[in-house]
Amino acid sequence: LQQAMTIASVVQHDQGLRVLPIVGSGTMQAVSDLATLDSVNAALLPLDTLTYAQAQGLLQGLDGKISYLARLQPVRWALVTTRNIENLTQLAGKRIATGPTGSMGFVAGELLFSAYEVPFARVARQNGDALAVLTQGAADAALVDTAVLRAARLDGNRYKVMPLALPNQLTSTYVPVMLSSSDAPSLIPKGADIETIAAPLAVMVFTRTGSKSDDARLKAFSAALFRNAGQLNINNNIAAEIPGWTRHRAAQEALKQLAASAASESELQQGDGQ
């Protein structure tokens, strides 16, 4: 939601553009809203949500209709456990706070621990609330967005960040990343790096048949995203692609126009220099 509000705030009124963020009830619901509600033009979705939806048969009949406009910085996950947990196998049958059904944490927990072959009892608390139930003894571990760890003040003598290796069967869904003490000041010592996984986040859209007006709106929105990439949490390369997914034609056109404008501006500057 914060990312959606940031995007709306930054691109609002960019060349007359009006962007209204919608408060949803989890990323799984966002997939449904994107495909069924005419008032929804785009949704911020981590790729693991789409992987999970496909695995559950929730995208049947939607092949080729879901595409993306831009790739954003990924959602990085951290598994926080008590110090006495030495490896993932020791979490088998334990209580892990991942999030309520349909949430980002729920999806990540279901996919990851299934791939690790670690059965667990899910605690329906996410991020800050997940850390709270961990410290209260109501959970044995918490899978959280690393963003919440910067402000967390957990006792490093009692808790730690457990390394997470990228499962081979999920290499098209997640990417490996490293966490440092700046990501979790109280849990990771200075100079230490811990491997974990991240889910690429993207602005996804649903292609409706014969929707030229939608194309025009999406092109304007895409252009605004690319023009304001420096103020948004967009991948450093605005043209970065997402393997296995197609960029919407409106975003492709916006990228081409932006590249052409940049080339023309460069030529003018070179001419002025001469």
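Biologist: Which residues do ring pairs link into a cluster?

Modeller: Phe113, Tyr116 and Phe120. Rings of Phe, Tyr and Trp (its six-membered ring) pair if their centres lie within 6.5 Å; planes under 30 degrees apart count as stacked, over 60 as edge-to-face and the rest as tilted. Bear in mind that this is a predicted model, where local features need pLDDT of at least 70, side-chain atom pairs count only at 80 or more, and totals for chains, interfaces and linings use all residues. Residues are numbered from 1 along each chain as its sequence is written, and side-chain values use heavy atoms, without hydrogens or water.

Biologist: How many aromatic pairs turn up in the whole structure?

Modeller: The search finds three.

Biologist: What makes the pair of Tyr52 and Phe106 edge-to-face?

Modeller: Their ring centres are 5.8 Å apart and the planes sit at 85°, so edge-to-face it is. Tyr52 is in helix H3 (residues 47–55) and Phe106 in helix H4 (residues 104–115), so the pair ties together parts 54 residues apart in sequence. Helices here are DSSP runs (H or I, at least four residues), numbered from the N terminus.

Biologist: Why does Tyr52 count as buried?

Modeller: Buried means under 20% relative accessible area (1.4 Å probe, protein chains only), exposed over 50%, partly exposed in between. Tyr52 has 13%, so it counts as buried. Phe106, at 8%, is buried too.

Biologist: And what is the geometry of Phe113 and Tyr116?

Modeller: That pair is edge-to-face, with 6.2 Å centre to centre and 70° between the planes. Phe113 is buried at 2% relative accessibility, and Tyr116 is buried at 18%.

Terms used:
Helix = DSSP H or I, 4+ residues; strand = E, 2+ residues; numbered from the N terminus.
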